[in-house]
Amino acid sequence: MNTEISGEEKVTCYPQQPHGGKLVNRVLTGDERDKAMERAKQLPYIMVDLEAVITLEMIATGVLSPNEGFMNEADYKSVLKEGRLANGLVWPVPLSFAPIGDKNRHVIQSLSVGDEVALVDESKEPVAILQLDDIFDYDRKFRAQQLFGTTDRDHPGVDSIYRRMGDTALGGPIQLLRRVHWGPFEKLRIEPKDTWKLFYEEKKFKSVGGFITGANPLHRGHEYIHRNALEEMDGLFVQPLVEMTKREYTRHEFRMLSYQAVLDTYYPKERTILSPLRVTYIFAGPREAVLHALIMKNYGCTHALIGRDHAGVGDFYDKYASHTIFDKFTNEELGIDIRLFHEVFYCTRCDNPATEQTCPHDDRYRINISGTGIRELLRYGVLPPKEIVRPESARIAMQGVQPKGVDEDRLAIAPIGKTIKSIFPYYLHSNGIGGSKRKRPLGVDELTIEDLEAAIKDIRENADRVYKEIFEEFSYVTDQLRSVQPEWVAETRESIYRQQEMVIENLKEKVDKAMDKSSDEFLYQDKSEAERELEVATKILQDIPAALRKADLEYRTWNPLPYRRYRGSDEE
């Protein structure tokens with residue numbers, strides 16, 4: 001497969017190619033960059049915010065290939081209506097630039113198609129030059145409805161459009177003059193031009209699974225997906241999103257560190273690559289899942305790993321909308337193998353992370369993996385159950401969750417009942433994990449912080465016991481090598497049996513001496529009642545589980561042969 005990387009005429013047989021066949025490189029360097037920087041200082045300029053600066057860098061470094069800048073009207077409207085560029089290539093989210101602000105508006109009014117305009121940050125230093133190919137009216141309501149399926153400003157993506165976007169859009173290719181330092185992530189950042197070389201030249205991978213993840217620290221649902229991928233694929237490329245998260249999420253620095261801590265301890269180091277993905281959150285729901293798949297493709301991944309709630313936004317979309325969106329496109333036109341994973345939970349009966357596709361047990365045995373619920377537990381200052389978040393991840397994430405602590409009512413952000421139900425679904429109708437039904441199911445609204453404490457303690461004390469005690473029962477009645485079984489179990493069962501035999505002997509004597517009719521039914525038993533008592537005691541004796549010892553199980557070995565015959569000896 002012929003692939004052009006970073007604009008160089010370098011043809012290599014890679015298992016993947018960038019979207020559209022060419023990895024975009026709009027980053028100026030050396031003399032070319034110096035001359036463009038001087039020219040930019042003479043141009044009219046438009047002030048851009050951090051989100052726009054990040055988008056410019058994504059375009060210039062090829063993350064959003066084949067786009068070389070902001071879209072013209074034809075591509076913009078085609079993407080909104082069809083999820084494709086005007087030439088038919090799949091692209092789910094428009095790249096538009098409609099600056100706000102009075103000063104920017106005056107500059108826009110002075111511009112014409114063919115002009116150049118400098119894009120500057122808050123320091124008024126040029127970041128990029130935009131070559132204008134198109135100027136067109138920007139309809140915020142139309143964009144919101146087409147992209148998000150709603151104009152409700154409770155949707156964060158819709159709200160962002162109305163807060164950040166103006167009335168006139170500018171389209172055309174860009175040239176990046178200056179990159180933003182990524183702070184603590186700078187040492188971890190990897191650009192697409194680097195990953196192609198890393199995956200296919202240095203590591204000699206033939207397949208790589210890409211995984212983009214959002215506002216939550218690494219949990220066991222993520223691990224379930226990763227481990228499934230690593231069983232099949234040569235490499236795993238994990239990209240936590242950084243920047244532009246909602247305030248109540250875990251700060252991105254700590255999310256990255258939580259990932260690092262778990263990957264360092266539990267993942268194969270030579271096959272797992274961690275790198276931040278500095279993007280702008282568009283909160284586009286299912287369309288964003290397609291965008292992420294194409295970003296993974298541009299980084300060189302052959303497979304895109306998509307979870308159940310990938311890029312979900314509250315209750316605005318169906319539970320599996322991020323899966324069904326891929327029904328609209330063929331694998332050939334996407335150019336990347338999409339692997340869809342159902343919602344992961346921890347089943348204490350299976351003693352494994354599982355999904356509804358693999359686990360037959362109901363929620364009586366489940367600990368759910370809820371990102372919102374996990375963040376709330378961190379906010380309360382308690383480690384989530386180890387079955388859904390490893391302590392290495394949760395300990396670091398707890399330091400970065402914002403805000404943290406509780407209010408005067410000992411509550412955090414979400415209603416306490418919602419948090420309990422999201423992680424411990426059994427608690428509302430069962431007395432403990434795998435326990436008996438409550439006489440009356442609890443309502444979400446009546447749950448308190450004490451219920452959360454009880455659920456946490458229950459899981460910590462009993463989650464391990466469910467499968468452990470099932471195994472112990474199986475092993476006791478199965479082990480023929482009885483020396484591996486604790487002696488006290490047999491001794492206790494024998495003791496119970498002897499005690500019950502003693503009860504029966506006494507009751508037999510009682511029956512023998514009992515009167516056919518008692519003189520006072522409130523003080524004495526007649527013979528029929530004493531016989532009933534003996535009958536029950538005898539049945540109890542039968543119910544006592546057997547004390548199994550070596551001699552009791554010798555009958556199970558009925559076909560012994562001289563093992564020396566199997567070791568190569570013909571002697572009998």
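In this predicted model, H303 is in contact with S207, V208, G209, G210, E232, M233, M296, I336, D337 and R339, once its neighbours within four places in sequence are left aside. H303 belongs to strand β11, which covers residues 303-306, and its side chain is joined to that of T302 by a polar contact of 2.7 Å. Because its relative accessibility is 10%, H303 counts as buried, the limit for that class being under 20% relative accessible area.

D234 sits in the loop between α8 (220-232) and β8 (235-242), and with a relative accessible area of 29% it is partly exposed. Between D234 and V466 there are 232 residues in sequence and 35 Å in space, taken from C-alpha to C-alpha. A551 lies in the segment after α18 (527-543) and is exposed, its relative accessible area being 59%.

Strand β4 (residues 126-131) has five of its six residues buried, so the strand is largely enclosed by the rest of the structure. Strand β3 (residues 116-120) runs antiparallel to β4 and is joined to it by five bridges, and within this pairing A128 of β4 is the bridge partner of L119. Strand β4 is also joined, by three bridges and again in antiparallel fashion, to strand β6 (residues 168-176), where Q175 is the bridge partner of I129. In a regular strand the side chains alternate between the two faces of the sheet.

The hairpin of β3 and β4 has five residues between the strands, and K124 there takes a positive phi near 65°. K124 is a residue other than glycine, and it is partly exposed, with a relative accessible area of 47%. R410 likewise has a positive phi, of about 65°, although it is not a glycine; R410 lies in the loop between α14 and α15 and is partly exposed at a relative accessible area of 38%. The loop between α14 and α15 also holds P403, which is joined to Q402 by a cis peptide bond with an omega of about -20°. Another cis peptide bond, with an omega of about 15°, joins S65 and P66, and P66 is found in the loop between α2 and β2 (69-70). Such features deserve a remark because most residues other than glycine have a negative phi, and most peptide bonds are trans.

Helix α13 (residues 371-380) has nine of its 10 residues buried, so this helix too is largely enclosed by the rest of the structure. Its buried residues, among them I374, L377, L378 and Y380 as well as the charged R375, E376 and R379, pack against α14 (391-400), α15 (416-423) and α16 (449-478). After α13 comes G381, which has a positive phi near 85°.

The empty spaces complete the picture. Rolling a probe the size of a water molecule over the atoms shows where empty space is left. The count of cavities of 30 Å³ or more comes to one, and the largest cavity has a volume of about 120 Å³. Its lining is made up of 13 residues, with E57, T61, V63, W182 and R278 lying nearest its centre, and the elements that give two or more residues to that lining are α2 (50-60) and β10 (277-278). The largest share, three residues, comes from α2, and the lining as a whole divides into eight nonpolar, one polar and four charged residues.

The second largest pocket holds about 620 Å³ of space, and of the 37 residues that line this pocket, E51, T55, S96, R164 and M165 are the closest to its centre. Helix α2 gives two or more residues to this lining as well, as do α5 (140-148), α6 (156-164) and α10 (286-298). By class, the lining of the second largest pocket consists of 24 nonpolar, seven polar and six charged residues.

Notes:
Residues are numbered from 1 along each chain as its sequence is written. This is a predicted model: local features need pLDDT of at least 70, side-chain atom pairs count only at pLDDT 80 or more; totals for chains, interfaces and linings use all residues. Side-chain values use heavy atoms; hydrogens and water are left out. On a 1 Å grid over the protein atoms alone, a cavity is a set of points where a 1.4 Å probe fits but cannot get out, and a pocket is an open set with protein on both sides within 12 Å along at least five of seven lines; lining residues have an atom within 4 Å of a point. Grid points are joined across faces, edges and corners, and a volume is the space filled by probe spheres set on the points. Helices (H or I, at least four residues) and strands (E, at least two) are DSSP runs, numbered from the N terminus. Buried means under 20% relative accessible area, exposed over 50%, partly exposed in between (1.4 Å probe, protein chains only). A polar contact is a pair of N or O atoms within 3.5 Å; within protein, one must be able to donate a hydrogen and the other to accept it, and residues adjacent in sequence count only if both atoms are side-chain atoms. Contact means heavy atoms within 4.5 Å. Two strands pair if DSSP finds at least two bridges between them.
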